[in-house]
Every structure is written in structure tokens, then in C-alpha cells.
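Thanks for joining, everyone. Let me put the structure up, and then I'll walk you through it.

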Amino acid sequence: AGLLLSHGDEIFARNPIRLLRLIGARPSLDRLVRCPLLEKVAALHLTGCNLSDEGAAQLAACPHLANLRTLRLGANAIGDIGAEVLVDSPHLERLESLVLHGNLIGDAGALALATTHPFAKLRILDLSDNLIGDAGAEALVRCPSFPQLERLDLANQFKGWSAGLALRGRPYPIQPMQQQALRRRFGNAVCAF
């Protein structure tokens, strides 16, 4: 991230950069969201940058992200509030792929995503390794959004205690009834549990 901020004009002048994968973005996030070079990028990967809800809010407010098609924010300690601010962003309406795996998103975050209209073009939504239970799954079943969804990944919810559930015959916190409802809503090939 620091290299981009120091030498971004030179880097972008030499190469047509469409995918930008940044390491260590958190300390530079205030400056990064003001960087107009982000307007040239179609995919932004900030996995494992420790952004939290505050960092998600900074990204959601960034007008330079309006051309993004892919946003990967896995393993960033983003919770329900972070999911809600991303949904409310007027700058992320062109997203086709949103990856939020390995965060702290629960039922309230799933509800926020389910009631969104800005993500009408979303084809991939990865919510694996989060904290979404039956209520979040039910919200996704009832959502009017995501008319073009090709992949909905809800695998490994509550990963820390799934093994104990599996021993009792309940391998997933999202129960079979909700899994079936999600498959009916989006299709068998779309849903992953």
C-alpha cells in the first residue's frame, strides 16, 4: 500500500493495472481512499489487512471505487456494522463479486446484505467463515435482491464450534431447513454450505 501511494503514478503509467492486491493497507488507509488511481481498478483485494468496521466505512465512503467489479475483504474483522456501511455505499453499485469470508458478520449483517438494492449486479457473494445462523439465512431466502447471483458461499459458519455440532449430528449452524430454502431460492448449484 505504501509503495502504491509513493509510486502509483509511475506504476500505473507503465501498466494497465486492473487488479490491485494490497498488503498492509490499514496504516495507509486514510491516504489510500483519497487516491484517484483507484478509479482505474476493476478489482481490489484487501484480504487480511485488519480493516475492521472502521476500515469498511472508509472504503464505503471512497468515491474512487465506483468502477470496482470485485471487492475482496476477507479476514478483516468486519462485523455487522461494516457489512451495513458497505451495503449503504453509493460507490459500490457496480460490484459483481463481494468476498467477505473469514470476518465477524452475523445475522444482522446478512439481513443488511439481503435488503440491499445497490448490489443488483452481484454474481458472487462469499460469506463463508462468518457467524451467520438461521435468522441470517432466512433473511437471504426472503431477499428481493441478487437477481444475477451465481455463487452464494455460506460454508463454515461459526467455525470455532462447528466440530462440536457435527459430533451431535448438526454439522452446520444454518440448519437443513434453511439450507433447502436457500437452494430453492437461488438454486442448488449456487449455494455452498
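**Starting at Ser28**

Ser28 touches Ala1, Gly2 and Leu5, leaving aside residues up to four places away in sequence. Touching, or contact, means heavy atoms within 4.5 Å. Ser28 sits in the loop between β1 and α2 (29-32). Ser28 is buried, at 13% relative accessible area. Buried means under 20% relative accessible area, exposed means over 50%, and partly exposed is in between, with a 1.4 Å probe and protein chains only.

Some ground rules. This is a predicted model, where local features need pLDDT of at least 70, side-chain atom pairs count only at pLDDT 80 or more, and totals for chains, interfaces and linings use all residues. Residues are numbered from 1 along each chain as its sequence is written, and side-chain values use heavy atoms, with hydrogens and water left out. Helices (H or I, at least four residues) and strands (E, at least two) are DSSP runs, numbered from the N terminus.

**The sheet**

Now the strands. The sheet is open and has 7 strands. Their order is β1-β2-β3-β4-β5-β6-β7, and the pairing is parallel. Two strands pair if DSSP finds at least two bridges between them. Which strands are at the edges? β1 (19-21) and β7 (191-192), each pairing on one side only.

Take one pair up close. β4 (residues 97-99) and β5 run parallel, joined by 3 bridges. Leu98 stands opposite Leu125 in β5.

Leu122 counts as buried, at 0% relative accessibility. Beyond four places in sequence, Leu122 touches Leu95, Glu96, Ser97, Leu98, Phe146, Gln148 and Leu149. Ile23 is another matter: Leu122 and Ile23 are 99 residues apart in sequence and 25 Å apart in space, C-alpha to C-alpha.

**Helix packing**

On to the helices. Two packed helices are described by the angle between their axes and the distance between the axes. Here, axes are lines fitted to C-alpha atoms, for helices over the stretch in contact, and angles run from 0 to 180 degrees between N-to-C directions.

First pair: α3 (residues 52-60) and α4 (residues 80-87). Their axes come within 8 Å and cross at roughly 5°. That makes α3 roughly parallel to α4. The cut-offs: under 35 degrees is roughly parallel, over 145 roughly antiparallel, 65 to 115 roughly perpendicular, and the rest oblique. From α3, the contact uses Asp53, Ala56, Ala57 and Ala60; from α4, Ile81, Gly82, Val85 and Leu86. By class, the residues of this α3 and α4 contact are 6 nonpolar, 1 polar and 1 charged. Nonpolar covers Ala, Val, Leu, Ile, Met, Phe, Trp, Tyr, Cys and Pro; charged covers Asp, Glu, Lys and Arg; the others, Gly among them, are polar.

Next pair: α4 and α5. Their axes are 8 Å apart, at an angle of about 10°. So α4 and α5 are roughly parallel to each other. Asp80, Ala83, Glu84 and Val87 of α4 meet Asp107, Ala108, Gly109, Ala112 and Leu113 of α5. The contact of α4 with α5 has 5 nonpolar, 1 polar and 3 charged residues.

Then α6 (134-142). Its buried residues are Gly136, Ala137, Ala139, Leu140 and Val141. Those buried residues of α6 pack against α5 and α8 (176-186).

**Loops worth a look**

Most residues other than glycine have a negative phi. Which residues here have a positive one? Asn50 does, with phi near 55°, and Asp129 does too, at about 55°. Asn50 is in the loop between β2 (43-45) and α3. Asn50 counts as exposed, at 53% relative accessibility. Asp129 lies in the loop between β5 (124-126) and α6. Asp129 counts as partly exposed, at 22%.

Now Gln157, in the loop between β6 (151-153) and α7 (159-167). Is Gln157 buried or exposed? Buried, with a relative accessible area of 2%. The Gln157 side chain reaches the backbone oxygen of Leu127 at 2.7 Å. A polar atom of that Gln157 side chain also lies 2.8 Å from the backbone nitrogen of Ile132. A polar contact is a pair of N or O atoms within 3.5 Å; within protein, one must be able to donate a hydrogen and the other to accept it, and residues adjacent in sequence count only if both atoms are side-chain atoms.

Last one: Pro16, in the loop between α1 (2-14) and β1. Pro16 is exposed, with a relative accessible area of 73%.
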